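Reader: I have a model open and a list of labels for it. Please take me through what each label rests on.

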Amino acid sequence: MSSNYSLKDGKENIDVLDGGDVHYKFPAVIELNVGGVHHTTTLTTLTKGGSHMLSAMFSGRHNVAKDAHGRFFIDADGILFKYILRYLRTGELPCSACAPQVYREAKYFGLEELQRHIEWMPVMMARSARIQFQEKLDGFDYNTERILQIASKKQCVVSEEIVSFCIISILHEPQEILGVDFDNDHHCFADLPPRQIHYCDMTVGPWDMSLKHVTDRVYLRAIVRELMHRGFSITFSRLGDCAYLSPHPPRVACQRRLFKFIFHWNDSSS
Ligand SMILES: [Zn+2]
C-alpha cells in the first residue's frame with residue numbers, strides 16, 4: 001500500500017496509509033529502556049522469531065511509548081531482558097541458574113519457542129518433576145507452610161548458631177484405635193536421655209497409603225527439598241518414637257515416629 005504522506009515524530013516516521021491507517025516506522029538501530037535498563041539492538045533482532053509481543057510492538061501497527069530521552073519503553077525486567085535479546089540474536093539459551101526467571105519473561109513476551117527450549121533444560125525438568133510429585137502428596141503445601149510458621153516462632157541459639165526447630169509426628173491412619181484408655185488426642189513427645197522431653201509441634205499425615213513408595217522419609221524429604229529450593233538451609237533427622245503410654249494395663253505405647261526439622265539461619269542467604 002502506498003503512503004499519502006509522512007509525519008515526523010521524534011526518530012520514527014508515521015506513514016498515513018490510504019484509508020487513514022497509520023504505519024509506524026522504526027529506525028534500524030533501536031534504543032530501548034526496559035524497566036529502567038538501557039539496551040541497544042536492531043529492529044531485525046526484535047522482530048525475529050515469529051509472532052510474539054516484541055515483534056508485534058515493532059511491527060509498525062502500534063505506537064510504542066518513549067521515555068524522556070527518546071528511548072522506546074518496555075515495562076519488563078531490564079536485567080533479564082538481556083537473555084531475551086541474546087536468544088533473539090543468536091538462539092543462545094540462558095544459564096541453568098536464571099532459566100526459571102527467563103522462562104517467566106519468555107511467557108510474558110509470548111516467546112513460545114524460547115519457552116519450549118527452556119522447558120527441556122535439566123533444571124526445568126527437575127523442577128517440573130518435583131512439583132508433579134508434590135501434587136501427589138496430601139497436605140503438602142499446608143504442611144510446608146505450617147512448618148515455616150512454627151520455625152518463625154521458635155528460634156534459639158545452639159553452639160553459637162541461630163536455629164529453629166520443628167518437631168513433627170507422623171500419623172499413618174486417620175483414627176488409630178490402640179486401646180480403650182488410649183488418648184488419641186495426647187500430645188506426642190520424645191523422651192530422650194537424660195530425661196529430655198521434646199513435644200511435637202505438628203502432625204503430618206495421613207496421606208494416601210496406596211502410594212507405597214511414599215514412606216515417612218520420602219514425604220519429609222520432599223518438604224526439605226522444597227524448602228531448600230526456596231533458599232532455606234535445613235536438615236531433618238529421626239528423633240525417635242512417641243513415648244506416650246496409655247495409663248492402665250495393658251499399657252499401650254503410641255510409637256508414632258517423630259522427626260526434627262532444623263533451620264540453620266546463620267548459613268542461609270540473608
Ligand atoms: Zn504420641
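Reader: Where is Glu160 placed?
Author: Glu160 sits in the loop between β7 and β8. Helices (H or I, at least four residues) and strands (E, at least two) are DSSP runs, numbered from the N terminus. This is a predicted model: local features need pLDDT of at least 70, side-chain atom pairs count only at pLDDT 80 or more, and totals for chains, interfaces and linings use all residues. Residues are numbered from 1 along each chain as its sequence is written.

Reader: Why is Glu160 called exposed?
Author: A residue is buried if 20 or more other C-beta atoms lie within 10 Å of its own, exposed if 12 or fewer, and partly exposed in between, with C-beta atoms placed from the backbone. Glu160 has 6 other C-beta atoms within 10 Å, so it is exposed. Its phi is positive, about 65°, although Glu160 is not a glycine.

Reader: What makes Ser159 exposed?
Author: The count for Ser159 is 5 C-beta neighbours inside 10 Å, so Ser159 is exposed. Ser159 also lies in the loop between β7 (155–158) and β8. Its phi is near 50°, a positive value in a residue other than glycine.

Reader: How do you know that Gln155 counts as exposed?
Author: Gln155 has 12 C-beta neighbours inside 10 Å, and therefore counts as exposed. Gln155 belongs to strand β7. Leaving aside neighbours within four places in sequence, Gln155 is in contact with Ile162 and Ser164. Two residues are in contact if their C-beta atoms, placed from the backbone, lie within 7 Å. Gln155 and Phe58 are 97 residues apart in sequence and 54 Å apart in space, C-alpha to C-alpha.

Reader: Why is Val163 called buried?
Author: Val163 has 20 C-beta neighbours inside 10 Å, so it counts as buried. Val163 is in strand β8. Its contacts, leaving aside neighbours within four places in sequence, are Cys156, Val158, Ile262, Phe263, His264 and Trp265. Take Trp265: it is 102 residues from Val163 in sequence, yet 5.6 Å away in space, C-alpha to C-alpha.

Reader: What makes Phe232 buried or exposed?
Author: Phe232 is buried, because it has 20 C-beta neighbours inside 10 Å. Phe232 lies in the loop between α8 and β12. Phe232 and Phe263 are 31 residues apart in sequence and 7.1 Å apart in space, C-alpha to C-alpha.

Reader: Which residues touch the most other members of the largest nonpolar core?
Author: A nonpolar core is a set of buried Ala, Val, Leu, Ile, Met, Phe, Trp, Tyr and Cys residues joined through C-beta atoms within 7 Å. The largest one has 24 residues, and Ile168, Cys188, Cys242, Leu258 and Phe261 touch the most other members. Two or more core residues come from each of α7 (140–153), β8 (161–170), β9 (189–192), α8 (216–229), β12 (234–241) and β13 (257–264). A second, separate core of 22 residues includes Phe58, Phe72, Ile84 and Tyr87.

Reader: What does Phe261 contact, leaving aside its neighbours within four places in sequence?
Author: Phe261 is in contact with Ile147, Phe165, Cys166, Ile168, Ile234 and Phe236.

Reader: At what angle do α7 and α8 pack?
Author: The angle is about 65°, with the axes of α7 and α8 10 Å apart. Axes are lines fitted to C-alpha atoms, for helices over the stretch in contact, and angles run from 0 to 180 degrees between N-to-C directions. Phe140, Asn143, Thr144 and Ile147 of α7 meet Ala222, Ile223, Glu226 and Leu227 of α8.

Reader: Which prolines follow a cis peptide bond, and where are they?
Author: A cis bond joins Pro193 and Pro194, with omega about -5°. Pro194 is in the loop between β9 and β10 (196–199). The bond from Gly205 to Pro206 is also cis, with omega near -5°. Pro206 lies in the loop between β11 (202–204) and α8.

Reader: How confident is the predictor in the protein?
Author: pLDDT is the predictor's confidence in each residue, from 0 to 100. The protein averages 88, and 90% of the residues score at least 70. Over residues 1–12, pLDDT stays under 50.
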